[in-house]
Structure formats: C-alpha cells, structure tokens
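Reader: Hi! I have a new model open and would like to walk through it with you. Can you help me find my way around?

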Amino acid sequence: MPLKKINTVLAAAFILFILWFGTEFILSPETTAPGFGLPSWPSGDGGGFLIVKGIRDVVLALVLGVLLVTGHRRALGWALLVEALAAYGDMTNVLAHHGSVATALGVHGLTATLMVVNGLLMMRETRELAAAPATSAPQPA
C-alpha cells in the first residue's frame, strides 16, 4: 500500500477518534470522564472543565480535518506532530494526579506516539515535494 494512502487512513482515523472522544466529553462528561484515567470526579462544579476538554478535542480534530480535506499534507504532518503534545499532556496529567498508569500509557501515550509516527510519515511523504525547486512556466519569446 502506498505511503500516501497509509498516511491518509491513519490521519482520518485520528480525526474521527479525536472528534468522537471530544463529542462524548461535551455531550456526556460524567460517563466519559472515568475512561480518561483520572482517579476521581472533579469536586464542586468541575464538570465544566470536562466540557472544555471536549471542546479542545473537537477543535483539534477539525484542524486536522481541514488540512486533510484541503490537501495541505505537509501542514497536516506538522499539525499531527504539534497536536501529539496535547495527548502527551493528557498522559502526564493522568500520571501526575495518580490516575491509571495503564490508561495514561495505553491510551494517551500510545495515541500521542502514533500521532508522532503519522506526522513523521506525512513529513517523509511530502519531503520530495517540499525539496523540489519551483519551476516556472516557459515564457513566450
């Protein structure tokens, strides 16, 4: 299977996964939050913070989706690399708050690492295109 097709399938899978997960946090934070890996529900009226996390995820997915649909593949590679930091941040947050190590590493860490791999593969795919000198159209004599 060509690298471009693999990259497209992986990026689309990330977009759909992040969009789904973010939407779940917006629509049903109380049932989605336990799967995040933190040990307890926020005290007081902390549910709003879970919705903020959902909105963040939806926006991250939409950025990736726009880049994929418009064909800006090199920018998509960069965005995957940068957005992986959000998943590494989630992993660090879960670990720092004595949450589930399995979820921190198996969900957030794995997701972030796969996003980095997809981003690097996307950069490799577009490397030749980015390095090629721009050719101008022949001018009439």
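Author: Happy to! Let's start with Asn 118, which is buried, with a relative accessible area of 0%. Keep in mind as we go that this is a predicted model.

Reader: Okay, which helix is Asn 118 found in?

Author: Asn 118 sits in helix α5.

Reader: And what does Asn 118 touch, not counting residues up to four places away in sequence?

Author: Setting those aside, Asn 118 touches Asn 7, Leu 10, Ala 11, Phe 14 and Leu 80. With Asn 7 there is also a polar contact, side chain to side chain, at 3.5 Å.

Reader: Nice. Let's stay in that helix: is Thr 126 buried or exposed?

Author: Thr 126, which also has its place in α5 (residues 101-131), is buried, and its relative accessible area is 7%.

Reader: Which side chain does the side chain of Thr 126 make a polar contact with?

Author: That of Arg 74, at 2.9 Å. The Thr 126 side chain also reaches the backbone oxygen of Met 123, at 3.3 Å. If you leave aside neighbours within four places in sequence, Thr 126 is in contact with Arg 73 and Arg 74.

Reader: Switching to helix packing now. At what angle do α1 and α3 pack?

Author: Helix α1 (residues 3-27) and helix α3 (residues 47-69) pack at about 155 degrees, and their axes are 7 Å apart. The two are therefore roughly antiparallel to each other, and their crossing is left-handed.

Reader: How many residues apart in sequence are Asp 57 and Ile 15?

Author: They are 42 residues apart in sequence, and their C-alpha atoms are 9.6 Å apart in space.

Reader: What about Phe 17, how accessible is Phe 17?

Author: Phe 17 belongs to helix α1 and counts as partly exposed, at 34% relative accessibility. From Phe 17 to Lys 53 there are 36 residues in sequence and 14 Å in space, C-alpha to C-alpha.

Reader: Back to packing. At what angle do α3 and α4 pack?

Author: About 165 degrees, with axes 9 Å apart. These helices are therefore roughly antiparallel to each other, and the crossing of α3 and α4 is left-handed. On the α3 side the contact is made by residues including Arg 56, Leu 60, Val 63 and Leu 67, and on the α4 side by residues including Ala 75, Leu 76, Ala 79 and Glu 83.

Reader: How do the residues of the contact of α3 with α4 divide?

Author: Into 10 nonpolar, no polar and five charged.

Reader: And roughly what angle do α1 and α4 cross at?

Author: Their axes cross at roughly 50 degrees and come within 12 Å. That makes α1 oblique to α4. The crossing of α1 and α4 is left-handed.

Reader: Who meets whom between α1 and α4?

Author: Lys 4, Asn 7, Thr 8, Ala 11 and Phe 14 in α1 meet Arg 73, Leu 76 and Leu 80 in α4. By type, the residues of that contact are four nonpolar, two polar and two charged.

Reader: One last thing, about the loop between α4 and α5. What is phi of His 98 near?

Author: His 98, in that loop, has a phi near 60 degrees, a positive value in a residue other than glycine. Most residues other than glycine have a negative phi. His 98 counts as exposed, with 70% relative accessibility.

Reader: Great, thanks for the tour!

Terms used. Residues are numbered from 1 along each chain as its sequence is written. This is a predicted model: local features need pLDDT of at least 70, side-chain atom pairs count only at pLDDT 80 or more; totals for chains, interfaces and linings use all residues. Side-chain values use heavy atoms; hydrogens and water are left out. Axes are lines fitted to C-alpha atoms, for helices over the stretch in contact, and angles run from 0 to 180 degrees between N-to-C directions. Helices (H or I, at least four residues) and strands (E, at least two) are DSSP runs, numbered from the N terminus. Angles under 35 degrees count as roughly parallel, over 145 as roughly antiparallel, 65 to 115 as roughly perpendicular and the rest as oblique. A crossing is left-handed if the near helix is turned anticlockwise from the far one by less than a right angle, and right-handed if clockwise. Buried means under 20% relative accessible area, exposed over 50%, partly exposed in between (1.4 Å probe, protein chains only). A polar contact is a pair of N or O atoms within 3.5 Å; within protein, one must be able to donate a hydrogen and the other to accept it, and residues adjacent in sequence count only if both atoms are side-chain atoms. Contact means heavy atoms within 4.5 Å. Ala, Val, Leu, Ile, Met, Phe, Trp, Tyr, Cys and Pro count as nonpolar, Asp, Glu, Lys and Arg as charged, and the others, Gly among them, as polar.
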